[in-house]
Amino acid sequence: MEKNFTTDAINIKSYALSESDKIMVMYSKQNGLIKGVAKGCKKQKNKLGARMDLLVANTIMLNKGRNLNTICEAHSINTFKESRKDINKLLFSTYITEIVNAFGVENDPCSKEIYETLYKALEKVSKSSSKKDCMLSVIKFQLKMMQITGLGIELDTCLCCREQILNEDMYFSHQMGGVVCEECAKELGIKIKMHHKIRDFLQAMLQFDFDYKSEYDRKATEKVCMVCYNLLKDYIQYHSSKKFKTTELIAESCA
């Protein structure tokens, strides 16, 4: 990277540096996970100001420092403002940024794909008209993010005997990363049972884009979405070295 560089980036985390400064953790379109000091952003009428709030997408200019970059300019692309008015939208939006913070890396070769997937998910959550629609976007993000980062789940073939699983119940292994047939699950002691219709639903969510409303999207219920979200949440947590703080709050709000 050059001394000064410009990139599109979404604010996913921040740390207090002083009374007036913050360290921003951002996921950028060109450079993956990056950090930068936002000097004076806590002061009133500071030029960075609200652009340094979490869940804001900006075009930013940074000055590359020896240890930390300094954010020189920021121009808002999207504030996903509707998510700030609804607790469920806010929690789910924060959760998906936690996933990016856990699995994103600096100079990520997949940065463009991850950035665009994150941006689309935040936008769809913000614009969702119901809790079900909100959760559908989160489920799609969970599946797509894991696939991009090399942790995509197997939903078609038993990971033990390699036989295709058709219209029959199956089991899910967090450790193995996908489905296991009933016979193999008994031998391995796998306890998480999955109905074949849930598997079919997850396959559809992975296949279709955020903007495409399939028959599965239309027929899904909030209960089905919660089952799928929790399954994927536990899978992602199993493979992450970082604990997701938002999941407990989501569980409380959805109780």
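## A pocket and its helices

Trainee: Which element supplies the largest share of the lining of the largest pocket?
Mentor: Good place to start, bearing in mind that this is a predicted model. Both β1 (4-16) and α1 (87-103) give at least two residues to the lining of the largest pocket. The largest share, five residues, comes from α1.

Trainee: Which residues lie nearest the centre of the largest pocket?
Mentor: The pocket has a volume of about 310 Å³, and 13 residues line it. Its lining is made up of five charged, five nonpolar and three polar residues. Nearest the centre lie I12, K13, E98, N101 and K245.

Trainee: Thanks! Staying with α1, how do α1 and α2 run relative to each other, roughly parallel or roughly antiparallel?
Mentor: Look at the axes of α1 and helix α2 (residues 111-127), which come within 9 Å and cross at roughly 170 degrees. Angles over 145 degrees count as roughly antiparallel. The two helices, α1 and α2, are therefore roughly antiparallel.

Trainee: And how many nonpolar residues does the contact of α1 with α2 have?
Mentor: From α1 come K89, S93, I96, T97 and V100, which meet I114, L118, A121, L122, V125, S126 and K127 in α2. Sorted by class, this contact of α1 with α2 has two charged residues and three polar ones, and its nonpolar residues number seven.

Trainee: What about the next helix: how is α2 oriented relative to α3?
Mentor: Helix α3 covers residues 131-148, and its axis lies 9 Å from that of α2 at an angle of about 170 degrees. That makes the arrangement of α2 and α3 roughly antiparallel.

Trainee: One last thing: how far apart in sequence are the parts that the pair of Y95 and F244 ties together?
Mentor: The count of aromatic pairs comes to seven. Y95 and F244 form an edge-to-face pair, 5.9 Å centre to centre with 80 degrees between the planes. Y95 sits in helix α1 and F244 in the loop between α7 (222-238) and α8 (246-254), so the parts tied together are apart in sequence by 149 residues.

Key. Residues are numbered from 1 along each chain as its sequence is written. This is a predicted model: local features need pLDDT of at least 70, side-chain atom pairs count only at pLDDT 80 or more; totals for chains, interfaces and linings use all residues. Side-chain values use heavy atoms; hydrogens and water are left out. On a 1 Å grid over the protein atoms alone, a cavity is a set of points where a 1.4 Å probe fits but cannot get out, and a pocket is an open set with protein on both sides within 12 Å along at least five of seven lines; lining residues have an atom within 4 Å of a point. Grid points are joined across faces, edges and corners, and a volume is the space filled by probe spheres set on the points. Helices (H or I, at least four residues) and strands (E, at least two) are DSSP runs, numbered from the N terminus. Ala, Val, Leu, Ile, Met, Phe, Trp, Tyr, Cys and Pro count as nonpolar, Asp, Glu, Lys and Arg as charged, and the others, Gly among them, as polar. Axes are lines fitted to C-alpha atoms, for helices over the stretch in contact, and angles run from 0 to 180 degrees between N-to-C directions. Angles under 35 degrees count as roughly parallel, over 145 as roughly antiparallel, 65 to 115 as roughly perpendicular and the rest as oblique. Contact means heavy atoms within 4.5 Å. Rings of Phe, Tyr and Trp (its six-membered ring) pair if their centres lie within 6.5 Å; planes under 30 degrees apart count as stacked, over 60 as edge-to-face and the rest as tilted.
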